[in-house]
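This report describes the ligand site and the pockets of one protein model. The sequence and structure come first, followed by the computed contacts and volumes.

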Amino acid sequence: PQLDMGMRTEELTAQLPLFRDLSEDRIRAISRLMRPLFAVPGELLIRKGERGDTAYFISSGAVEVITEHVRVRLGRGDVFGEIALLTGQPRTADVRALGYCNLLVLSRTDFRSLTDKDPTLKQHMATMAAQRRQMNATA
Ligand code: CMP
């Protein structure tokens with residue numbers, strides 16, 4: 001069963017558009033850092049204001065990002081939870097599962113080593129985080 005779980009995580013990791021251009025070996029290595037998480041409808045995955053140590057990749061399903069002024073739906077292939085990891089600041093929004101979701105969870109340490117090894121990915125994450133913060137600041 002453990003082997004099957006690993007195979008599945010590798011498959012799900014390979015399907016993430018963020019990693020599309022990486023080699024098979026690299027994707028396999030990244031998938032070993034990922035913890036699969038199955039979320040149920042309504043489950044609160046991130047609470048605004050808390051300290052955060054994980055980033056989440058959506059393999060299937062959708063979540064809703066909620067602040068006082070913003071409500072954004074994220075789906076398959078999207079990432080969330082990256083802002084706290086990049087800035088060291090508390091979580092900037094609540095994130096709730098909209099339906100059943102397959103998520104892949106990465107720790108702060110692994111997120112850092114992953115992005116340090118891949119400048120393009122690092123830049124992509126930084127740009128996305130900046131855009132999201134900008135959107136929340138002006139909403
Ligand atoms: P973080 O602040 O760690 O935890 C909440 C997450 O919600 C945040 O990281 C982003 O990944 C996500 N998020 C916050 N604001 C937005 C937004 N305006 N659009 C999309 N995602 C957001």
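How do the residues of the lining of the largest pocket divide into nonpolar, polar and charged?

## Largest pocket

The model is predicted. The lining of the largest pocket holds ten nonpolar, three polar and three charged residues. This pocket has a volume of about 260 Å³. Its lining is made of 16 residues, and those closest to the pocket centre are V65, I83, T92, A93 and R132.

Three elements each give at least two residues to the lining of the largest pocket: the strand β5 (71-75) and the helices α3 and α5. The ligand takes up the space of this largest pocket.

## Shell around the ligand

There are 16 residues around the ligand, and the ones that come nearest are G81, E82, R91, T92 and N136. By class, the shell around the ligand consists of ten nonpolar, three polar and three charged residues. At least two residues of this shell come from α3 (82-87), and at least two from α5 (119-138).

Which side chains place an N or O atom 2.7 Å from an oxygen atom of the ligand? One is R91, with a side-chain N or O atom at 2.7 Å from a ligand oxygen. Another is T92, where the distance from a side-chain N or O atom to an oxygen atom of the ligand is also 2.7 Å. The backbone takes part as well: a polar backbone atom of I83 is 3.4 Å from an oxygen atom of the ligand.

How much of the ligand's accessible area does the protein cover? On its own the ligand has 450 Å² of accessible area, and the protein covers 98% of that.

## Second largest pocket

The second largest pocket has a volume of about 150 Å³. Residues P17, L18, F19, R20, D21 and L22 are among those that line this pocket. The lining also includes D118, T120, L121 and H124.

Five nonpolar, two polar and three charged residues make up the lining of the second largest pocket. For the largest pocket, the corresponding numbers are ten nonpolar, three polar and three charged.

Definitions and conventions. Residues are numbered from 1 along each chain as its sequence is written. This is a predicted model: local features need pLDDT of at least 70, side-chain atom pairs count only at pLDDT 80 or more; totals for chains, interfaces and linings use all residues. Side-chain values use heavy atoms; hydrogens and water are left out. A residue is near a molecule or strand if one of its heavy atoms lies within 4 Å of it. A polar contact is a pair of N or O atoms within 3.5 Å; within protein, one must be able to donate a hydrogen and the other to accept it, and residues adjacent in sequence count only if both atoms are side-chain atoms. Accessible areas come from the Shrake-Rupley method with a 1.4 Å probe; for residues, only the protein chains shown count as cover. On a 1 Å grid over the protein atoms alone, a cavity is a set of points where a 1.4 Å probe fits but cannot get out, and a pocket is an open set with protein on both sides within 12 Å along at least five of seven lines; lining residues have an atom within 4 Å of a point. A molecule sits in a cavity or pocket if more than half of its atoms lie within 2 Å of its grid points. Helices (H or I, at least four residues) and strands (E, at least two) are DSSP runs, numbered from the N terminus. Ala, Val, Leu, Ile, Met, Phe, Trp, Tyr, Cys and Pro count as nonpolar, Asp, Glu, Lys and Arg as charged, and the others, Gly among them, as polar. Grid points are joined across faces, edges and corners, and a volume is the space filled by probe spheres set on the points.
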